[in-house]
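Take a look at the ligand and the protein around it, and then at one pair of helices.

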Amino acid sequence: MSEQTTQRFRPFHAPKGVPDYVPPASAEFEAVRDTWVRRARLAGYSPVELPVFEDTGLFARGVGESTDVVSKEMYTFADRGGRSVTLRPEGTAGVIRAVIEHNLDRGQLPVKLSYAGPFFRYERPQAGRYRQLQQVGVEAVGVDDPALDAEVVALAEACFRSIGLTGYRLELTSLGDEGCRPAYRAKLQEFLLRLPLDEETRRRAQLNPLRVLDDKRPEVQEMLAEAPLMLDHLSADCRAHFETVTGLLEDMGIAYTINSRMVRGLDYYTKTCFEFVHDGLGAQSGIGGGGRYDGLMAQLGGQEVSGVGFGLGVDRAVLALAAEGVTAGEASRVDVFGVPLGAAAAARMAVLVNRLRDAGVRADMAYGGRGLKGAMKAADRAGARYALVLGDAELDRAEVQLKDLAEHGQRPVPLDEVVALLAGRVGR
Ligand code: HAM
């Protein structure tokens, strides 16, 4: 026989900036995602499952070369066939690509789609800012109706409310469209280039002046106090659209504040833009963001129709729940726990718990030949309401002992009746 190796391997860690969700936090994560999926279904959104990596050009063209997301944060690599692919940094570009590729916009409009999954941005990791982030989102494509903007905002608000959050705020603005933004952009640029800005900021003002409004330095913010704002330069059409959105939100009882200096990190937005912010999270306070994107479909080779959507940051929603001390998820627990005593009982119990699960009863059992004491402890830890104790004596009588762990009672039940009995009490 070969000599047994005594070498101990160093354990691995998850990649830097990538969170794991293990119990109990994983239950919170699941609750946020499931709440979103349920709500999106209620509003007529169908699920899509899309690739985690796409042609790099899709994001360069869709999200915008001048954004930090594209220029600094993408996980881009050549695959073995030499194609440049990128781990998706966000969901909208991929959804629109799929709408075009599968001609979904040739049927009934709007096309309403929802998605959930991981996205990847090479950001500097900190609390609430990860390199693998999780979003749930929706996109409604094909109709430029302000009621759809309000629907998407309301969907997001309902999700935050349903998971039990209260400390969030909705910020809203309009970024205008191709009709009014170019003139505003020129005006802002003219204003910025008159300021004593550093070289880097001047360059940004030339490339994407709206982004300068987001400069966090107090001395720059001071210079920007008199900067012209998009909201004051909207076309009549964009203004009417925005007023309809805000009016609908008021009718729905959804509170908002106008943030005329909001700058989104993605270039495709037009008209309505919004963010949900949570004050319990420190610097990374955005728990979700979205808006309308008029030119994106055409930009990606599709028809000239608009869309509106939203992405909710599941990681940050989970952090927000913790910050408020709220629990949204239900810890995993079972209703019934099997306690077999001996090999023959263990084999019979394995069949019994499987039948209980078929009947909709959450059931588990003690494995590994545990004794009565250890197995009862395990039943307790599993949160079980009932334990089923099966030893050789019970097997001989074709019975099982049903223990009510809440009321501390115990009685024998015929083995062929126990599934129906428990399904009646705790089945779902
Ligand atoms: P976004 O604002 O870039 O929008 O991301 C949406 C949300 O994802 C953010 O509000 C935040 O909660 C979360 N998030 C973003 N980056 C990180 C990160 N590094 N770590 C943790 N959470 C993060 C979009 O992605 C758009 N596709 C949303 C959209 C859909 N717009 C229209 N349709």
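A residue counts as near a molecule if one of its heavy atoms lies within 4 Å of it. There are 27 residues around the ligand, and those that come nearest are Glu90, Glu123, Glu139, Tyr269 and Gly286. This is a predicted model, in which local features need pLDDT of at least 70 and side-chain atom pairs count only at pLDDT 80 or more, while totals for chains, interfaces and linings use all residues. Residues are numbered from 1 along each chain as its sequence is written, and side-chain values use heavy atoms, with hydrogens and water left out.

The protein buries 95% of the 660 Å² that the ligand exposes when taken alone (Shrake-Rupley method, 1.4 Å probe).

Strands here are DSSP runs of E with at least two residues, and helices are runs of H or I with at least four, numbered from the N terminus. Two or more residues of the shell come from each of β6 (132–141), β10 (286–293) and β11 (307–313). The largest share, 7 residues, belongs to β10.

Turn now to the helices. The axes of α13 (residues 343–358) and α16 (residues 418–426), lines fitted to C-alpha atoms over the stretch in contact, come within 10 Å and cross at roughly 40°.

Methods:
Axes fitted to C-alpha atoms, helices over the stretch in contact; angles between N-to-C directions.
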